[in-house]
Structure formats: C-alpha cells, structure tokens
Amino acid sequence: MLKILLLFSFTLTTLTFFLSTQSITEAKDIKIGMVTDVGGINDQSFNQSAWEGLKRAKSELAIKVSYQESKQDADYASNLETLMDGKNDLIWGIGFKMSDKILAAAKQNPKQKYAIIDVGYEKTPANLIGVLFKSEEPCFLVGYIAGKMSKSGTIGFVGGIKVPLIQVFQYGYMAGAKFANPKIKIIDQYAESFTDAAKGKAIANQMFKQGADIIFAAAGSVGDGVIEAAKEQKKMAIGVDRDQNSLAPDTVITSAMKRVDHAIFNVAKDLKAGVYKGGTTITYSLKDGGVDIAPSTSKHVPANILKEVDNLKLDIIKGKLVPPATENDYNKFLKSHKL
Amino acid sequence: MFSDIALILGTTLMYSTPLIFTALGGVISEKSGVVNIGLEGMMTIGAFIGATVGYFTGNPWIALLAAGSAAMVLALFHAIASIHFAADQVISGMAINFLGPGISIFLCRIFFDGTTMSLSIPLDQKIPRPLNGFFAQNSFFDLIFNQYATVYLAFVLMAIIWFVLYKTRLGLRMQAVGEHPKAADSLGISVYKIRYIAVLCSGFLAGIGGASMALSVVSNFRPTLISGQGFIALAAIIFGKWKPQGATLACLLFGGAQAFVIFLGNPQVGVNISSQLLAMIPYILTILILMGFVGRTNAPAAVGVPFEKH
C-alpha cells in the first residue's frame, strides 16, 4: 500500500514539475485578454466581434487569447484585475461603459498595457490605447442608400439613448440621405432605451404611418422591434454594428458595420511586431476597413446605386467628402453642399 | 388627429399585452397568499422557450403552451420552496429571477450555436393577426385592431380568471386561503394544494406573457427582451388592488403612458421636451399612483406568510 502511495505521489510530483516547466516555456508567448461589457461574449454585436478579432489573432499570429465576461457593470474592475493576475501582455476593455475603470486600472498599474474600444480620452496614459470608429462614414453611406431607395421621400431614424456616440449615427445617416436626395424628409426619435423592443416597434409603426418607408435603427435590441415592424408592414429597415440581414432577409436592405474585430486584430499584429501605440487614440475609418457597409447590401440595393456608393466611399477615403458627426457639422455640411 | 389617437390606442394594446398576462398570473398567486416576485424570471424563460419552440416547430400555439409549461416548472420551484418549506417568498422569488435568465441563456447557446440570440421566426409562423388585411392598412380601425391574437387572448383570460376567482368554488377557496389559511384549513380545505395550483397557474401565465413578447411583439429571443416587464406587472397587481380587472387596467394605463410618450416624442408633434424626461413619465406615473391612490388594506391578509400545518 505504502509503495503504491509513494509511486502515486512521485508521479504526481513529476507531473506537476513537467507541467510547470511547460508553462514557463509558454510564458514567452504573447498573451492578450479581453473583458466584455454586460452584453456578453455572444451578443451578436461588438463584444462578439471583438472576440472574433482575438480568435483570428490566435490562429494567424499564434497569440494566446482569453476573455472575461461581465454580468453587470460592477464586474469590470474585478475582471480587469483577473486578467492582470493572468499575466496578459495586453488587456482589452470592450465598450465605452468601461472607460473609467480601465483608466483607473491603467494609472494604478503603469507596467501593464491596456486598450479600450469606443473611447478616446483627453489625456491617455502611456500604457493605454483608445480606439474609436468613424461611425459617421458607414452611416453616411447607408443614409445615401436610404435617400436613393425611398419611394415615399420620407425616412426614419430610431436612436437608442441620446448620447454623442449614438448621435454620430444619426447625423452621418441624415447627411447621407440629404446628399442623395435634398428633398428627403427625415423623422428622428430616440427610444431612451437599448432594450425595450416594444417601444422600438411602436416608434417604427408611428414613422411608417407618417409615410416613412425606410428606417435605420442604432438602438441595440430596440432595433429588433423596428425591424419587426418593417417586416410586418413590408417596409425596409437598415441594420447596425454587424450585418443584420439574417434577422429579416427581405427587410434589412443594408447595415452600417463597425469592424471591432479588425481593430483588435490590428493591435495584436502590432504587438507581435513589438509595436504598442500607448498614449494615443487610434481611429478606424473606411480607409482601413475598420468601418464599412454590410456585404449583404448587394442583395437588395440595385447595382447603379451600389456603384455610386462605391464612388462616395472613395471620395470619403480620399478626404474629398467629410461626413458630419455632430449637429454643428451636419448644419455646416448642408450649407457647404447647398442642400 | 384621429389616426394619432388610433395609433396610441393600438400601441397601448401591443405594449400592455405581455404585462397583462403576467399581472393576471401574479393576481392568482397573491390571492392565494403567495407573493410571486419571480414573475420576471418566469417571463424570461417563457420568452426563450416560446421563441425556440416556435422556431423549431413552426407552430406558435405549441410554442405558447411550451412557454407556459416551462415557466410553470420554474414556478414549481418557487411553490416548493415557499409552500412546502415555508421559505421567505421574496427570496425564493428573487432566486427565480436569477435562474430564469441564466437557464435561458445557457440553453440558447446550446440550441443556437453558442449565440445568446435565437433565430428569427418568419411572419407566417408567428402568432396570427386575425384582423390583418380586414381594414385598409394604417386606417383608423386597422391601427387599433390589427393586433396579434395574444392581445385578444389576454382579455379573454382576464374574463375567465375573474369568473374563476369570484364565481367558482376553486376561486373562493383561493381567496379564503389567501385571507385566512388557518380558518380555511380548519374547514377541510387543503391550503397547500390550493396554493400549489395558484402558483403554478401564475407561472404558466407569466410564461405566456414572456412568449407573447417573443412571438408577437418581436420574433426572436434576446437576453434583454424581458427587462423589467415582470416588475411592472408586479406593480400593476398592487395598483389594480389584487383584482384581475384592476391589474389589467393598470397594465393598460402603463402601456397607454408609453404610447403617449412615443406620440409626444415624435418631432412632428412639436412638443419640445427632452426625450430623457419623456421616457421617465410612465415610471413616475406608476410611482405616483402607487403612492397616492392605493390603500394598503386591499392586499390579501395572509399574502407573503407561509402556512404551516400543525
């Protein structure tokens, strides 16, 4: 009996030794971890997109990746801590909700590298990267499509909560629509919620009653209600963040996409090459493919309009055309283009 | 003008229906003396099962029944804890509120390739709209009455529950058990049995409430689909003085406030109030009404008190 026990403990010790030495050799690999916001890893939106970016980094760059899901806002700080204890080379915070927590963590742990999606700080610490997306660019393009495809001459915009981050979608979209058709009428309304699908549906019904035939919703799952109303009334809807055509294949004509995966992968690639742009804010735009319109757009949008959209895309990339992101810029845009 | 009123009425009906089902369930449970704070969790599992069964079978009625049954299973836990083990009903209800979304998300990932969102159900496989196409699109009556069958079902159920509670032996026993369980027990009524029936019924109705969200308001499940409706229904029970017709009216009032806010928020109406302030109105209204118009005396006397047979 004693012998068996001894043998057993011996195997155990060797095994532990073997395992521990293995983890020492692996520690040379780059490790990146991310903390999701409350949407969770499979939110069909930016968190999921972020994780897809990390998975791509894993398969193409052989980087070790992991994530921590946050169930509530109070989890952010402890999740950031967990990843730091896990000796990650870089820690991502996904979403603007984490902006304060990650800033505090970065100041507390100056040797740890951090990065965050959807936040640009006035003063970024040297161990933090802010990543922003020029959402107004794809919104301008989907607005242009809406302006060209509306038969009634009235289109709608449904926003989630009236904050600058969402208003960017509104003004980009409105400018695009006016650019396509100066006479277009745009009805906008905010649900003041990212969850109340019934409210989104009611707002959409109201817009359809007023003659709108295309509605763009930048409102989280409030948008589900908007798309449902469009489906019932056989009108059109425009999706947001990712290609939402699968929600209602005959209704969602295009989507304004934010390629969070693209940003995450690029930063990982830099890190692998030994580059870390700490202390700066990186802005992704049409130019680098960080934002775009959905690939499914060609299903519903006629080729001649698509061609115009492609030309506009080039103009935006070249800087000939600058879509507005705020109310002020929007008014200036209308004036300068005599719309 | 008239069409605006019609749209407000139509929106009220659409918005209130999931709340009415759930509040009716809550009324039954509380009438028998068991507080059901777990309505939210039961709605969530109902919404998930409704969307999933609806997607895979293509039959919305089977989906509705499955949703009710699934929520009933959750209600059974609440019933066992709060009736048999005399646990604190608020705590066991809260546990249900955590359990409901947790199970839904867990199962959703299994059925839908790791995503927490179910796939969308085609329009013709959702709950039917009996009056769709009967009136001209967006005409006065179309705006009000072109609703999903669940809307009408909610009102039929209200009538049935009113009848059962006030005109049948079972209903009167439920009330007796909720008012004075010891007296009821001494007359040979099984308090446990009656309370079990009531809590299971309330689970079934909350499940249907959740499913009516997933199968008629939208066509898929998301973890955020049920966010607070169960608690609004809970407030409606109290505001409706623990009566099925009162609770229904309370839900309609809340839905109506939402519809009115949506109407006011329309830029063409030209009311210049910030959308944030507008969005608060239905909730402030609920609080004000709860504070001002509801006396405490209406609650069933033994609600929240576990009954232990000696």
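Begin by selecting T297(A), which sits in chain A in the loop that joins β12 (291–293) to α10 (303–318); helices (H or I, at least four residues) and strands (E, at least two) are DSSP runs, numbered from the N terminus. The model is predicted, so that local features need pLDDT of at least 70 and side-chain atom pairs count only at pLDDT 80 or more, while totals for chains, interfaces and linings use all residues. Residues are numbered from 1 along each chain as its sequence is written, chains are lettered from A and ligands numbered from 1 in the order in which they are written, and side-chain values use heavy atoms, with hydrogens and water left out.

With T297(A) still selected, note that this residue counts as buried because its relative accessibility is 2% (buried means under 20% relative accessible area, exposed over 50%, partly exposed in between, with a 1.4 Å probe and protein chains only). Show next the residues in contact with T297(A), which, when its neighbours within four places in sequence are left aside, are I145(A), I253(A), T254(A) and L306(A); contact means heavy atoms within 4.5 Å. With T254(A) there is also a polar contact, side chain to side chain, at 2.9 Å (a pair of N or O atoms within 3.5 Å; within protein, one must be able to donate a hydrogen and the other to accept it, and residues adjacent in sequence count only if both atoms are side-chain atoms).

Now colour chain A by its domain assignment, automatic or from a database, in which domain 1 covers 29–133 + 260–288 and domain 2 covers 136–257 + 302–336. The C-alpha centres of these two domains of chain A are 29 Å apart, and 8 residues of domain 1 are in contact with 8 residues of domain 2. Between them about 750 Å² is buried, 65% of it from carbon and sulfur atoms, where buried area is the accessible area (1.4 Å probe) that two parts lose on being put together, summed over both. Select Q44(A), L286(A) and K287(A), since these supply 63% of the area that domain 1 of chain A buries against domain 2 of chain A, more than any other three residues. Across this boundary in chain A there is 1 residue pair in polar contact, both at pLDDT 80 or more, and the count of salt bridges is 0 (a side-chain nitrogen of Lys or Arg within 4 Å of a carboxyl oxygen of Asp or Glu).
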